[in-house]
Amino acid sequence: MFTPEFKRECAEFVLKHGYIVPQACEATNVRSTAIRRWVKHLRQKRSLGCTSCCHTAHNSASRHALRIKKSTP
């Protein structure tokens, strides 16, 4: 089981930070089917005008993305 916050963070890697799904999978140890589903879900929420669902994970996802980018050659 993953928390809604974690799911948003994983989806943000793809939607906000430009990761491709395999990179997001490697960074989070989550299978591609789950990340693709979470990305699809977040895209649907955004298309319906939901803005609050995206902002709570932004800061922690950004910090994690920076850690990943710094650690990869």
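Along the sequence the chain follows the pattern α-α-α-α-α. The model is a predicted one, and its secondary structure amounts to five helices and zero strands. Of the 73 residues in the chain, 38% are buried. Among contacts between residues at least 6 apart in sequence, those joining residues at least 24 apart account for 65%.

**Contact of α1 with α3**

- The axes of α1 and α3 come within 8 Å and cross at roughly 85°.
- Helices α1 and α3 are therefore roughly perpendicular to each other, since angles of 65 to 115 degrees count as such.
- On the α1 side the contact is made by Phe6, Lys7, Arg8, Cys10, Ala11, Glu12, Val14 and Leu15.
- On the α3 side these residues meet Ile35, Trp38, Val39, Leu42, Arg43 and Arg46.
- By class, the contact of α1 with α3 divides into nine nonpolar, no polar and five charged residues.

**Contact of α1 with α2**

- The axes of α1 and α2 come within 8 Å, and the crossing angle is roughly 140°.
- That angle makes α1 oblique to α2, because only angles over 145 degrees count as roughly antiparallel.
- The crossing in which α1 passes α2 is right-handed.
- Phe6, Cys10, Phe13 and Val14 in α1 meet Val21, Ala24 and Thr28 in α2.
- The residues of the contact of α1 with α2 are six nonpolar, one polar and no charged.

**Contact of α2 with α3**

- Helix α2, residues 21–28, packs against α3 at an angle of about 115°, with the axes 9 Å apart.
- Helices α2 and α3 are therefore roughly perpendicular to each other.
- The crossing in which α2 passes α3 is right-handed.
- Val21, Ala24, Cys25 and Thr28 supply the α2 side, where they meet Ser32, Ile35 and Arg36 in α3.
- The contact of α2 with α3 has four nonpolar, two polar and one charged residues.

**Aromatic pairs**

- How many aromatic pairs does the structure hold? There are four aromatic pairs.
- Phe6 and Trp38 form an edge-to-face pair, with 6.3 Å from centre to centre and 80° between the planes.
- This pair links distant parts of the chain, as Phe6 is in helix α1 (residues 4–15) and Trp38 is in helix α3, 32 residues apart.
- Is Trp38 buried or exposed? Its relative accessibility is 9%, so Trp38 counts as buried.
- Phe6 has 26% relative accessibility and therefore counts as partly exposed, the cut-off for buried being under 20%.
- Phe13 and Tyr19 form a tilted pair, with 5.0 Å from centre to centre and 40° between the planes.
- Phe13 counts as buried because its relative accessibility is 1%.
- Tyr19 is buried as well, with a relative accessible area of 8%.
- Phe2, Phe6 and Trp38 form one aromatic cluster.

**Residues in more than one topic**

**Arg36**

- Arg36 lies in helix α3, which spans residues 32–47.
- With a relative accessible area of 48%, Arg36 is partly exposed, because exposed requires over 50%.
- Arg36 and Ala24 are twelve residues apart along the chain, and their C-alpha atoms are separated by 9.9 Å.

**Asn29**

- Where is Asn29 placed? Asn29 is in the loop between α2 and α3.
- The phi of Asn29 is near 60°, a positive value in a residue other than glycine.
- Most residues other than glycine have a negative phi.
- Asn29 counts as exposed because its relative accessibility is 72%.

Technical notes: Residues numbered from 1 in each chain as written. Predicted model: local features only at pLDDT ≥ 70, side-chain atom pairs only at ≥ 80, totals over all residues. Heavy atoms only, no water. Helix = DSSP H or I, 4+ residues; strand = E, 2+ residues; numbered from the N terminus. Buried < 20%, exposed > 50% of the residue type's maximum accessible area, 1.4 Å probe, protein only. Phe/Tyr/Trp six-rings, centres within 6.5 Å; stacked < 30°, edge-to-face > 60°. Axes fitted to C-alpha atoms, helices over the stretch in contact; angles between N-to-C directions. Parallel < 35°, antiparallel > 145°, perpendicular 65-115°, else oblique. Left-handed = near helix turned anticlockwise from the far one by under 90°. Contact = heavy atoms within 4.5 Å. Nonpolar A, V, L, I, M, F, W, Y, C, P; charged D, E, K, R; others polar.
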